[in-house]
Amino acid sequence: MPSWIGAVILPLSGLLLSLPARAEVKARSCGEVRQAYGAKGFSLADIPYQEIAGEHLRICPQEYTCCTTEMEDKLSQQSKLEFENLVEETSHFVRTTFVSRHKKFDEFFRELLENAEKSLNDMFVRTYGMLYMQNSEVFQDLFTELKRYYTGGNVNLEEMLNDFWARLLERMFQLINPQYHFSEDYLECVSKYTDQLKPFGDVPRKLKIQVTRAFIAARTFVQGLTVGREVANRVSKVSPTPGCIRALMKMLYCPYCRGLVTVRPCNNYCLNVMKGCLANQADLDTEWNLFIEPFVLISKSYIGKIAKGQMATVCVYWKLKELATSGEQDRSNACGDYGII
């Protein structure tokens, strides 16, 4: 039996087997049937005191019976309702698991981003004070874009990071060379030669690799949890077919019509009915497993990616500090001479 459908059918069969039925046969009296029928909230006016001929029955055997046409219709609808409720209850754990895991991971990752931004901001404020605060929007924009990417925004991580380093280089050029005046064209030219100048060493390349891997994994993971939750919600909303309802009625309540209110269906019978009623859900088993397996891989590898992402912020800080305290940096002749004030 497929693992997914088995996880639903086996608990369902256990619950259905525990539904009240009856072991003793009362040949003519419908007393116990009246009691069981009334306990479900139905009017006793529908049920006879003694068995009657069953030619009117459309689902249950047309023999002597305690069921009228009205009773058979109501019990058939009761079968449908109980089945839908049982599927809902059985799938509740899967649905709530996706909801809770999504909430916990989203809170964890957002907190991680907030802490990274705060720690980087605190380090630069302590080191550079007002000089950094006047240019802090470069870093604020970086984290804003990272958050937008994580939440599903249309952000190209590689282009966004390249733009961040280019903007940062322009600012650093001006801050560490205050005796010079740089035109907009000159700064734009400098930013185009970032790869050749390599003012930040190998940090941009490493940061790009670490951030891209971490954020792609995070966004994929959180989006997958959302999809899983939606699939579980939809699958739990079962709409039994007429054939399924007939099978449920025969299994659960046709014994009532014969006066056997405590008889329970055998396990194999119950499983076969469940397989028929959940045939469409069973078809999802293979695809569901293919969907779940990557989650395991992402979960196992994600801690390392997060750790590297945290280290990257420290690398950025120390590289910028080294750059800022080294004074005059190498410059490219491709952009011409500085403009002296």
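## Charges over rings

A charge sits over a ring if NZ of Lys or CZ of Arg is within 6 Å of the ring centre and within 35 degrees of the ring normal. In this predicted model, the charged end of R34 meets that rule over the ring of Y49, at 3.9 Å from its centre. R219 does likewise over the ring of Y149, with its charged end 4.0 Å from the ring centre.

## Basis of the values

The model is predicted, so local features need pLDDT of at least 70 and side-chain atom pairs count only at pLDDT 80 or more, while totals for chains, interfaces and linings use all residues. Residues are numbered from 1 along each chain as its sequence is written, and side-chain values use heavy atoms, with hydrogens and water left out.

## The chain as a whole

The protein chain has 15 helices and 2 strands (DSSP runs numbered from the N terminus: H or I of at least four residues for helices, E of at least two for strands). Of its 341 residues, 43% are buried, meaning under 20% relative accessible area with a 1.4 Å probe, protein chains only. Among contacts (heavy atoms within 4.5 Å) with a separation of 6 or more, 75% join residues 24 or more positions apart.

## Helices α6 and α10

Helix α6 (residues 137-150) and helix α10 (residues 203-236) have axes that come within 9 Å and cross at roughly 40 degrees. Axes here are lines fitted to C-alpha atoms over the stretch in contact, and angles run from 0 to 180 degrees between N-to-C directions.

From α6, L146, Y149 and Y150 meet V211, F215, I216, A218, R219 and V222 of α10. The contact has 8 nonpolar, no polar and 1 charged residues; Ala, Val, Leu, Ile, Met, Phe, Trp, Tyr, Cys and Pro count as nonpolar, Asp, Glu, Lys and Arg as charged, and the others, Gly among them, as polar.

## Aromatic pairs

Rings of Phe, Tyr and Trp (its six-membered ring) pair if their centres lie within 6.5 Å; planes under 30 degrees apart are stacked, over 60 edge-to-face, and the rest tilted. The count is 12 aromatic pairs. One of them, F109 with F215, is edge-to-face, at 5.2 Å centre to centre and 80 degrees between the planes. Because F109 lies in helix α4 (residues 92-128) and F215 in helix α10, the pair ties together parts 106 residues apart in sequence.

F109 is buried at 1% relative accessibility, and F215 is buried at 7%. One aromatic cluster is formed by F105, F108, F109, Y150, F215 and F221.

## S236

S236 also belongs to helix α10 and is buried, with a relative accessible area of 3%. Neighbours within four places in sequence aside, S236 contacts V87, E88, S91 and R95.

Key: Buried < 20%, exposed > 50% of the residue type's maximum accessible area, 1.4 Å probe, protein only.
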